[in-house]
Amino acid sequence: GYTLREPLGVTVGIGAWNYPLQGALWKSVPALAFGNSMIFKPSEYTPSTALWLAGCYAEAGVPEGVFQVVLGDGQVGEELVQSDLVSKISFTGSAEVGRRVYETAARGMKKVTMELGGKSPLIIFDDADLENAVSAALLANFYSNGQVCSNGTRVFVHESIIEEFVDRLVERTKKLRIGDPRDVNTDIGPMAHNDQFEKVLRFVDIGVKEGATLLHGGKRVNDLPEELRDGYFLSPAIFTNCTDDMTICKQEVFGMFMSILSFTSEEEVISRANNTEFGLAAGVFTRDIQRGHRLVDNLQAGVTWINNYNLAPMNLPWGGVKYSGLGRENGLGGVESWTQLKSVYVEMGNVECDYPK
């Protein structure tokens with residue numbers, strides 16, 4: 001006997017607005033490579049790159065209809081998920097919407113891949129290289145204006161180095177250049193749209209009201225050239241004196257919003273880091289490589305890093321656990337996500353049968 005990997009047929013990809021082209025590629029490339037066709041619905045905020053990608057596929061010789069783009073809001077996505085012609089859905093977005101997509105797909109026994117939200121921990125031990133740890137915290141919270149699902153927004157710092165860490169973090173954050181994202185000298189551009197801009201400001205207010213210390217940022221930036229003043233520019237927010245039960249430490253903000261928490265022991269920080277409904281990513285900074293491996297082995301997350309953060313090479317699978325998602329994209333995980341197995345049994349001799357002839 002042997003097994004065959006077969007395509008699933010007509011698949012649907014539903015992308016998010018924060019990485020519109022990358023998301024479309026992560027879904028469509030393996031889908032098409034394994035013999036499927038795809039209907040891709042980009043976010044209504046970012047439709048242009050998906051249309052451009054469709055043109056690239058057509059120019060490269062992909063047959064007409066194999067990759068199609070459908071524009072629209074959530075209702076359009078819901079109709080695609082409900083269609084009896086569709087055998088697989090790959091969704092990237094919030095956990096709330098993802099649960100609804102999953103429920104709808106389950107009624108049709110459809111295969112799903114869900115890449116949802118996160119509230120990921122970045123754990124920094126007292127033996128870590130401090131400068132590298134600060135660099136990782138900056139990238140894990142402020143890169144792409146904080147609009148990254150895997151961001152390490154709960155930064156756990158060992159109590160013995162937390163003061164030094166925070167001082168250096170604020171010092172470097174103040175040097176970040178806010179401005180036109182088309183300028184190569186810009187470090188931080190605007191939020192993607194007004195809804196997200198207002199959401200981050202609401203969370204800043206919540207953090208202050210619940211007793212956390214807004215050490216830096218969290219405000220609209222007005223000191224900009226005239227042509228940028230109507231943009232959705234925010235200064236990166238750094239909160240200290242945070243506790244695990246605060247709203248800002250439990251809910252995904254999806255903006256430049258860092259919550260710093262102190263810890264004393266390895267066992268304690270593992271328990272606290274796992275005390276979340278999410279499980280997309282986690283990072284550990286330590287010079288003790290055995291400790292690093294021990295930590296990631298015990299952290300409930302689909303993607304982990306030791307002494308780095310937010311690297312996403314295509315040859316490694318990507319995806320979360322708990323409410324952060326189902327299934328994996330990229331790497332060998334993509335084989336499972338975009339194919340189905342068929343078992344083949346072959347007999348060239350006589351059939352053994354005890355029944356009378």
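**Chatting through a predicted chain**

Reader: Which residues of α3 are the buried ones?

Author: Helix α3 runs over residues 74–82, and its buried residues are G77, L80 and V81. They sit on the same side of α3, because they cover an arc of only 100° around the axis.

Reader: Can we zoom out? How many helices and strands does the chain have?

Author: The chain has 10 helices and 15 strands. Its C-alpha trace spans about 85 × 50 × 35 Å along the principal axes, and buried residues make up 47% of the 357 residues.

Reader: New topic: salt bridges! How many are there in the whole structure?

Author: A search finds 17. One of them joins the side chains of K41 and E44, at 3.8 Å from N to O.

Reader: Are K41 and E44 buried or partly exposed?

Author: One of each! K41 counts as buried because its relative accessibility is 4%, which falls under the 20% cut-off. E44, at 46%, counts as partly exposed.

Reader: And which residue forms a salt bridge with E131?

Author: R172 does, with the closest N and O atoms 3.1 Å apart. This pair links distant parts of the chain: E131 is in helix α5, while R172 is in helix α6 (residues 162–173), 41 residues apart. E131 is partly exposed, with a relative accessible area of 33%, and R172 counts as partly exposed at 21%.

Reader: What about R272 and E268, where do they lie?

Author: Both lie in helix α8 (residues 266–274), four residues apart, which is about one turn of the helix.

Reader: Let's switch to N151. Where is it found?

Author: N151 is found in the loop between α5 (130–142) and β8 (154–158). N151 is buried, with a relative accessible area of 2%. A polar atom of the N151 side chain lies 3.3 Å from the backbone oxygen of G146.

Reader: What does N151 touch?

Author: Leaving out residues up to four places away in sequence, N151 touches several residues, including S120, L139, Y309 and N310.

Reader: And S259, which strand is that in?

Author: Strand β11 (residues 257–263). S259 is buried, with a relative accessible area of 0%. Beyond residues up to four places away in sequence, S259 touches a set of residues, among them F239, C242 and C249.

Reader: Last one: which residues form a nonpolar patch on the surface?

Author: Y2, L4, V346 and M348, with about 450 Å² of accessible area together. Y2 lies in strand β1 (residues 2–7) and counts as partly exposed at 43% relative accessibility.

Conventions: Residues are numbered from 1 along each chain as its sequence is written. This is a predicted model: local features need pLDDT of at least 70, side-chain atom pairs count only at pLDDT 80 or more; totals for chains, interfaces and linings use all residues. Side-chain values use heavy atoms; hydrogens and water are left out. Patches are made of residues with over 30% relative accessible area and no salt bridge: like charges are joined within 9 Å, nonpolar side chains (Val, Leu, Ile, Met, Phe, Trp, Tyr) within 5 Å. Accessible areas come from the Shrake-Rupley method with a 1.4 Å probe; for residues, only the protein chains shown count as cover. A salt bridge is a side-chain nitrogen of Lys or Arg within 4 Å of a carboxyl oxygen of Asp or Glu. Helices (H or I, at least four residues) and strands (E, at least two) are DSSP runs, numbered from the N terminus. Buried means under 20% relative accessible area, exposed over 50%, partly exposed in between (1.4 Å probe, protein chains only). The arc is that of the directions from the helix axis to the C-beta atoms. A polar contact is a pair of N or O atoms within 3.5 Å; within protein, one must be able to donate a hydrogen and the other to accept it, and residues adjacent in sequence count only if both atoms are side-chain atoms. Contact means heavy atoms within 4.5 Å.
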